[in-house]
Amino acid sequence: MKRTPNHPPREGQPNIWRSLRELENDPEFAKHLEQEFPRGADVYEDSGLSKRDFLKLMGASMALAGVGLTGCRRPEAHLVPFTKGVEWTIPGKFLYYATSMPCRMGALPLIATTSDGRPIKLEGNPLHPFSTGGTDGFAQAAILDLYDPHRSKIITENGRATDAAAFDSFLKEVSQRGGRGVAFLVEKKNSPTRDRLRVELEQNFPGLIWAEYEPLGDSETEAANDAAFGKGIRLLPKFDRTDVILALDSDFLNPIETGPGYATGFSARRNPDQKGAPMNRLYVVENHYTLTGGMADHRLRCKASEIEAFAIQLARVIVAKTGDGNLASILGAFPDQAAHLDEAWVTECANDLLANPGRSLVLSGPQTPAPVQILVHAINAALGNLGTTLLGLASDAPATAGIDGLAKAISAGAVKTLFIFGGNPAYNAPANLDFPALLKKIPDVVRLGLFEDETSKLSRWHVPAAHFLETWGDAFAFDGTLTTIQPMILPLWGGLSELDILSKLLVGATVEGPELVRATFEKLAPQNLVSEAGNMDLLWNSSLRIGFLPGSGFPQAALDLAVSSASALAARAKPAKDGLELVFLQSSSVDDGRYANNSWLLETPDFVTKLTWDNAVLVSPATAKKLGIKANNFGKFEEIAEKLGNEIDYDLVADIVEISDGKTTVEAAAIVAPGHADDSLSIALGYGRKGVSALMDHVGFDAYPLRSSASPRFTQGVTLKVTGKTYPMAQTQEHRSMEGRDLVREGTIERYKENPAFAQTMGMDGHIPPNISLYTHPSLTSKEQWGMTVDLNTCTGCNACVVACQAENNVPVVGKEQVRKNRDMAWIRIDRYFAGNEAGDPEMLAQTIMCQHCENAPCETVCPVNATVHSEDGLNLMAYNRCIGTRYCANNCPWKVRRFNYFDYNQRPLDQLYWGPLAKKGMADSLKMAKNPNVTVRMRGVMEKCTFCIQRIEEAKIGRLVEAGPTAKSDTPVSTFKVACQQACPNDSIVFGDIADPESRVARLRKSERGYTMFKYINSAPRVTYLTRIRNPNPKMPGAEKVGMANGAPHGAHGAHGGDTTHGTHNPTEAHEH
Amino acid sequence: MANFFPKWTNWIPLKLVICLAVIGAFLVGGIWYYFTPKYTRVGFMPTQPVPFSHALHVEQLGMDCRYCHSFVEVASHSNVPSTQTCMACHTQIRATSPKLEAVRESWKTGRPVSWVRIHKLPDYSYFNHAVHVNRGVSCFSCHGAVNTMQTVWQDKPQSMSWCLDCHRAPENFLRPPAEVFNMNWKPAAGENQREMGMKFKEEWEVKPPVTCGGCHR
């Protein structure tokens, strides 16, 4: 009997949804979802040639080609050894070096994998005391920046190519001239060597202006910390001691905002099974959905400009209960305003904080206005958190000017020579400064940059910068650990580093990088460590080897709230205005614009909107309705198809809107974002670059023209007009839908305590026994059996694993047009679900999906050529050279994790994908260097998918055999290794290993009662186990009954299962009747 | 009705069938033989930039494979020696031989010698030397009697089916570990390769992968 699958029918309105259109349950949309590959995928786009026609033609041409093929021989290849052996290098073996990436939040410690002298992969440094091995998407993508063929390669003077000698003589001239009028504008890098050289330079250049500018920096935090606690104090939260956290406009769980390591301890305290401590509870107040908001137990939508009102309201409750005098006097400095936010929410949240004095924590974001941050500090003080959950660190960086100060000096004509290191102020400086005009006033502007960009065009000199993987350097981590930067390769295109230029200005001749850095190191290294190590050489070498100076770090400082200076700063607060606000966000793809040429990042979907290649104005459903922005501009499929011929647009077309602050008007596409605060607009910065380089053109919209230095987080009182124009968007959220079958599971801690295994019987799994497979089970004879667990409780959806996988496995980028056709290639995707029946204020959940390596893999049984088969250690293998591209496997994959190479994405630039077979092929030489030599670069026409990093598995297995030699294999264990996604994860959510070894971590986690496999009832026996998300709501909070109910409320003695799925539709016995 | 076709035409269909069958058989046979790596690759003997003789160095001088191919026991790739390795001896021995001009040139300029590659697997197959030589597979098994070659040629087809011949029955090739680099080794009189191989296979738990993932990643 042919059995139709027993999936539950689509319900009237889904409880868990991925897009608004799904929530509305539009029949047109259902049709869209049913299509595995969008219609027209079998039609050769430009010609209208069907596959059948194509095969006919191909047959004929093959027959013809046969005539001319007879003389073919393989091309001559060469083996080119070194002339002299290179120390440590063994051809074909990787070398690993510790280095770090300088970031504005502090050094990001890394281990670089180099293959024959080329860095090919960056991973977190697990030894580092601060980061403990986590990374973020930006660090993972840095490899592509290094090899980017668009990087600037020559020194130019007034736009004309010149040489290093000319630049050197210019530097010499500046150095000899000395005196006033020299200024530097640099990025924040926390480098002690750079600071040391700067201080020395001040001798030669009296009145030197040293300005640091980071568009997404924490200057507001610095101002607040200085006023509240004294100069140079940094605040380090200790999440391992914290029971209750309130985040105000703070995305602290997002490693790109705070840096990996900042939120260490959070995920451990999120574990419902931990011994001796309760699971922590997270309250979030924010205007748009962030990763942290998605993790929250209680979330309040609140305009960014009203975060201040929230903090004031909270402070009032706390003052009323504690009578804290300091808090009361700082609160008194704020302009009076009536409480108008959800009173019950604020009160219960305050009560929870007050119930946990010294074990609670209130956090604010880096660009939150300083007065609000002052109030947050005072609240923490009143709650007794200073010194317990919030530590003070005394950093001793010399004071710097801001870009405002520099602009003032330039206007006054006090700057004759300006050095701009990195950054891109002509593009991203606050609009009120009109920086491009200021640059024109300076006779000599020297620009050191990775790319020739807007600022380069306005500079006399443009000098190609060396990438951080090409230079010596150092940087403090956020906690002050001295972290080293070693070059992995010589500058590919002769770039210079900041230290090179500073040292040339200083002494006239270049002192090599290591000496400069070492001199600082010797100054900073404490004597006891030197004598412990033996001598300075040994300490230096061992520090380079592990990547940091052990035991270094800023000294702890007592946190004493300076009430008077804090109140003075607080008095600068202004109450929020009514009307629309525009909030400026950090882009998950381009940061502040610096990664605008990085295609890996551009194609990685945003955490929340799942937009690729663009940014957009985010607006809440209610506000969109009010303003007349259409939520879903799809139109009818047939109409679109007719209009566009074969170029069918299945994906989003967004309205273009005009946003104006009265002086400046900016155009941008707008999309409706569930969970966004009303009367608020958000837009990511860093897009909309024009005329800079190929990749950056026509990518997103520039919001910098609306941003002022007075209020970097938001602009109030903007107006919005819908233009009637539309803009195509590439959004991956609807790709590869799995039809809402309780794939992502969650519950509350209460439910978990009642029945820890509640998730295992959710949805279909509670109703029907697994199918019986017709096919023979693969013989899993190997001693090692690989498996993985993903902890949904700690996975925030931060994208680090997605980019890490791309770097490790040579995953190509396909471009916006291809993404719109559902052809993105990422082997890992992060499914973002909204839960709840309200589009305005849903819950958000993230689920990382990669190939599940099913034991009874549905893909294997349909492959006509055995290109996908099972290995004896439980891997679902893909033999690319066997694949003929039928795509049956992808059709039969319940997880939709298989990716097809529709074009030669590796060999063709994105704008030439459709060129004919005889057109020029090949990738830029520098990009070839970035490829992992242990992973096949796939060609057009083959299927690919996650391999569980088989290259790492095989390397470990081979390593064991080499070690075993002529002895019994089983006497030598396989050494431990991590797969790429696991290594990159800052929260340790992904665990990989041998599930056959009962002692292994993955085997223990698989047995966890929280563990479930998706689609258990189809009995494909996946090797990936998900650990259910547990939420910890406060029962007294308003809306607490809705928290943790994504899969519906538990009901009856029957056990828990998803929602009200009708029992009658699936007969349990039917499963056995084949 | 008159006969339009003469009688001999009755044989045309049969003759055609036989003819086509013969042509078909030749075609299949031809492709079977001439298109396989056994024909296209075995015997490939390009002229190298330096007329290096393995016969001289190994057979006459008794050098070990690993003097030049120094990383074969630790790396996937069996390295071709650097110019430095050649010059270790040839600064003293035959320091002016015209045959070594290319090596001296490389030493002087720092530009490496570009040897012509003979054994080349497709990019999607990942062969690992270290695991083979450490587990009793001799150089000889894949490269033939290189020790006797004046100029190296490809001796074995190195096709997938050829690889699998051994991966399915390694006992036919496994050697005592000490003899892996001994190119002249033969089982002693009275010893049977198969029996000895079986013993090693069991003792060392040799189980070469025969699934795709063993070589294709």
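**Chatting through a two-chain model**

Me: Let's start with helix H14 (residues 370-382) of chain A: how far apart are its end C-alpha atoms, and why does that agree with its length?

Reply: The end C-alpha atoms are 18 Å apart, which agrees because 13 residues at 1.5 Å a residue should span 18 Å. The expected span is 1.5 Å times one less than the number of residues. Helices here are DSSP runs of H or I with at least four residues, strands are runs of E with at least two, and both are numbered from the N terminus.

Me: What kind of model is this, and how is the numbering done?

Reply: This is a predicted model, where local features need pLDDT of at least 70, side-chain atom pairs count only at pLDDT 80 or more, and totals for chains, interfaces and linings use all residues. Residues are numbered from 1 along each chain as its sequence is written, while chains are lettered from A and ligands numbered from 1 in the order in which they are written.

Me: Back to H14(A), is it buried or exposed?

Reply: Buried: 13 of its 13 residues are, so H14(A) is largely enclosed by the rest of the structure. A residue is buried if 20 or more other C-beta atoms lie within 10 Å of its own, exposed if 12 or fewer, and partly exposed in between, with C-beta atoms placed from the backbone. Just after H14(A), Gly384(A) has a positive phi of about 75°.

Me: And chain A overall, how many helices and strands?

Reply: Chain A has 35 helices and 43 strands. Of its 1074 residues, 54% count as buried.

Me: Which domains does chain A have?

Reply: The assignment, which is automatic or from a database, gives domain 1 (156-214 + 398-510), domain 2 (219-394) and domain 3 (580-731). The centres of domain 1 and domain 3 of chain A, taken over C-alpha atoms, are 33 Å apart. Between them, 11 residues of domain 1 of chain A are in contact with 13 of domain 3 of chain A; contact means C-beta atoms, placed from the backbone, within 7 Å.

Me: Switching to chain B, how confident is the predictor?

Reply: Mean pLDDT, the predictor's confidence in each residue from 0 to 100, is 91 for chain B, and 100% of its residues reach 70 or more. For the complex, the predictor gives an ipTM of 0.89 and a pTM of 0.88.

Me: How many residues does each chain put into the contact?

Reply: Chain B puts in 39 residues and chain A 38. H7(B) gives the most to chain B's side, with 3 residues. By class, that side has 16 nonpolar, 15 polar and 8 charged residues. Ala, Val, Leu, Ile, Met, Phe, Trp, Tyr, Cys and Pro count as nonpolar, Asp, Glu, Lys and Arg as charged, and the others, Gly among them, as polar.

Me: Which strands pair across the two chains?

Reply: Strand S4 (residues 78-79) of chain A and S1(B) pair in the antiparallel sense over 2 bridges; pairing takes at least two DSSP bridges between two strands. His78(A) stands opposite Val116(B) in S1(B).

Me: What about the sheet with S40 and S41 in chain A?

Reply: That open sheet has 4 strands in the order S40-S33-S42-S41 (chain A), with mixed pairing. Its edge strands, S40 (990-994) and S41 (1011-1012) of chain A, each pair on one side only. S41(A) pairs with strand S42 (residues 1024-1027) of chain A in the antiparallel sense, and Tyr1012(A) has Tyr1026(A) as its bridge partner in S42(A).

Key. Two residues are in contact if their C-beta atoms, placed from the backbone, lie within 7 Å.
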